[in-house]
Amino acid sequence: MSSTASAAGGMSASEIESRHAWIRLFAALALGTIGGIGMWSVVVVLPFVQADFGITRADASFAYTLTMIGFGVGGILMGNLADRFGILKPLRGGIVVLGIGYVACAHATNIWQFAIAHGLLIGMLGSAISFGPLIADTSLWFDRRRGVAVAICASGNYLAGTIWPPVVQHMAASLGWRLSHVLIGIVCVVVMLPLTVVMKRASPMVATGSKGSAVSAGGKAPISTGSLQVLLAVAGVACCVAMSMPQVHIVAYCGDLGYGAARGAEMLSLMLGLGIISRLASGFIADRIGGLKTLLLSTTLQAIALSLYLPFDGLASLYVISGMFGLFQGGIIPSYAVVVREYFPPNEAGTRVGIVLTSTMLGMALGGWLSGAIFDWTGSYQAAFVNGVAWNLLNIAIVMGIIWRTRQSHAKLVLQPA
C-alpha cells in the first residue's frame with residue numbers, strides 16, 4: 001500500500017478507486033473539455049479581434065495574457081473554495097459566470113473591455129474551475145492509479161484545444177466573432193450544468209480527515225514545503241513561457257507565412273490532439289517513475305521540439321513539428337499535479353495544485369504577450385522561438401536541481417514545515 005493510502009487511515013482501494021470515482025473522473029473530463037474553451041477561443045479569434053479594433057499584434061495578445069493571469073489566479077481562488085466547501089458550489093457558480101463572460105465579450109467596444117471581460121469573467125471566475133480544481137479533486141479519489149487519473153482529467157484542457165479551435169475558426173469566419181461568443185456562452189451553461197450532478201459527494205480522503213504524507217524517496221537534507229512550492233512555481237512559469245510560443249502564435253505565424261489562419265488552426269488542433277496521447281502516456285509513466293522524473297522527461301522533449309521551429313518553416317514541416325511538439329509537451333502540466341500530491345497533504349490539494357498550475361498559467365500569459373511583443377520589435381517570430389528555448393532550459397535546470405537535491409543519499413527526505 002502506498003504512503004498516501006496508509007496516511008488515509010487504511011482506506012481501502014474500493015473506497016478511493018471505486019466505480020463512482022471513475023464516473024466522476026469522466027464527468028470531470030467532459031467539464032474540462034467544454035469549460036476549457038476559455039483558454040483557446042481567444043487564440044483563434046486573435047486575428048479577427050485585431051482587425052476589428054484596429055490594434056497591434058501585441059495589443060491583441062494582451063487579451064490572452066489577461067485570460068491566462070485570470071485563469072491562474074482563479075485556479076488558486078477556486079481551489080481554495082473547493083478545499084473549504086467542496087467542488088460542487090464553485091463549479092456551478094463558475095459555469096454560470098463563464099456563460100456571462102462570453103456574452104459580455106461579444107458586446108465589447110474596444111480591446112480593453114474585451115480583455116478585462118475575458119480575464120475576469122471567462123478566465124478567473126469561469127474556465128479556471130474546469131482545470132486545476134477538477135484535477136485536484138480527481139487526485140483525491142485515486143491512489144495507485146493517481147497518475148493516470150490526473151492525466152485523463154488534465155486531458156480535458158487539450159481536448160478543448162483539439163475540438164474548439166477549428167469550430168471557433170469556422171464560426172468566427174461565417175457568423176462573426178461576436179455572435180460566436182454569444183453562442184459559446186449559451187452552450188457552456190446548458191451542457192455543463194447537468195454534468196455537475198455527479199460531483200456532490202466529498203472525497204473519501206478528506207472525509208477521513210487524512211493529512212497525507214510528505215515523504216519522498218531519496219535525499220540528504222530536508223527541504224521545506226515552502227521552498228519546494230517556490231521552485232515548482234518558477235519552473236512552471238519557465239516551461240510555459242516556452243510552451244506558449246507555438247500554442248498562442250501558430251495561427252498568426254501561419255498567416256504571416258502566407259499559409260492562412262485556417263492552416264494554423266489545424267496545426268493547433270493537431271498539436272493539442274497529440275498532446276492528449278502525451279498526457280495519458282505521462283500518467284502511466286508517473287505511476288512508475290514518479291512525478292519529478294516524468295516532468296524532466298517531458299520538458300526536455302519539449303525543448304527539442306521547440307528548437308525545430310527555428311530552421312524549418314515549410315508547410316509540411318510545420319505540421320510535423322507541431323505534431324511532435326504536442327506529443328512531447330503534453331505530459332508537463334499533469335506531472336506538476338502528481339508532484340504536488342506526492343509531497344503535500346490531500347486536504348491542501350486544491351490550493352497547492354492551484355498555486356503550481358497558476359504559475360504555469362502566468363508563464364503562458366507572459367509568453368503569449370512576450371512573443372507578440374518580440375514579433376512587433378523584430379518583425380519576425382525567430383527571436384520569439386529563441387526566447388522560448390531559453391526559458392525551457394531554465395525549467396530543465398530547476399527540475400534537475402530538485403531531483404539532484406532529493407537524491408543526495410539513500411535516506412528518506414521528509415519535507416519540513418516552511
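Here is a quick tour of the structure above, from the whole chain down to a few single residues.

This is a predicted model, where local features need pLDDT of at least 70, side-chain atom pairs count only at pLDDT 80 or more, and totals for chains, interfaces and linings use all residues. Residues are numbered from 1 along each chain as its sequence is written, and side-chain values use heavy atoms, with hydrogens and water left out.

**The whole chain**
- You'll find 19 helices and two strands here; helices (H or I, at least four residues) and strands (E, at least two) are DSSP runs, numbered from the N terminus.
- Of the chain's 418 residues, 58% count as buried, where buried means under 20% relative accessible area, exposed means over 50%, and partly exposed is in between (1.4 Å probe, protein chains only).
- Take the contacts (heavy atoms within 4.5 Å) between residues at least 6 apart in sequence: 86% of them join residues at least 24 apart.

**How confident is the prediction?**
- pLDDT is the predictor's confidence in each residue, from 0 to 100; the chain averages 85, and 90% of the residues score at least 70.
- Residues 1–13 have a pLDDT below 50, and this stretch has 21 contacts in the model beyond near neighbours in sequence.
- Residues 209–221 also fall below 50, with 43 contacts counted the same way.

**A covered helix**
- Helix α9 (residues 132–139) is mostly covered, with eight of its eight residues buried.
- Among those buried residues are P133, L134 and D137.
- Their cover includes α3 (19–35), α6 (57–85), α10 (146–175), α17 (332–343) and α18 (349–378).

**A nonpolar patch outside**
- L175, L179, L183, I186, V187, V190 and V191 form a nonpolar patch on the surface, with about 560 Å² of accessible area together.
- Such patches take residues with over 30% relative accessible area and no salt bridge, joining nonpolar side chains (Val, Leu, Ile, Met, Phe, Trp, Tyr) within 5 Å and like charges within 9 Å.
- A salt bridge is a side-chain nitrogen of Lys or Arg within 4 Å of a carboxyl oxygen of Asp or Glu.
- Accessible areas come from the Shrake-Rupley method with a 1.4 Å probe, and for residues only the protein chains shown count as cover.
- Helix α11 (residues 177–195) gives the largest share of the patch, six residues.
- I186 sits in helix α11 and counts as partly exposed because its relative accessibility is 48%.

**Cysteines**
- The structure has zero disulfides, meaning pairs of cysteine sulfur atoms within 2.5 Å.
- C239 is in no disulfide, and its nearest cysteine sulfur, that of C240, is 3.6 Å away.
- C239 is buried, at 0% relative accessible area, and C240 is buried too, at 1%.
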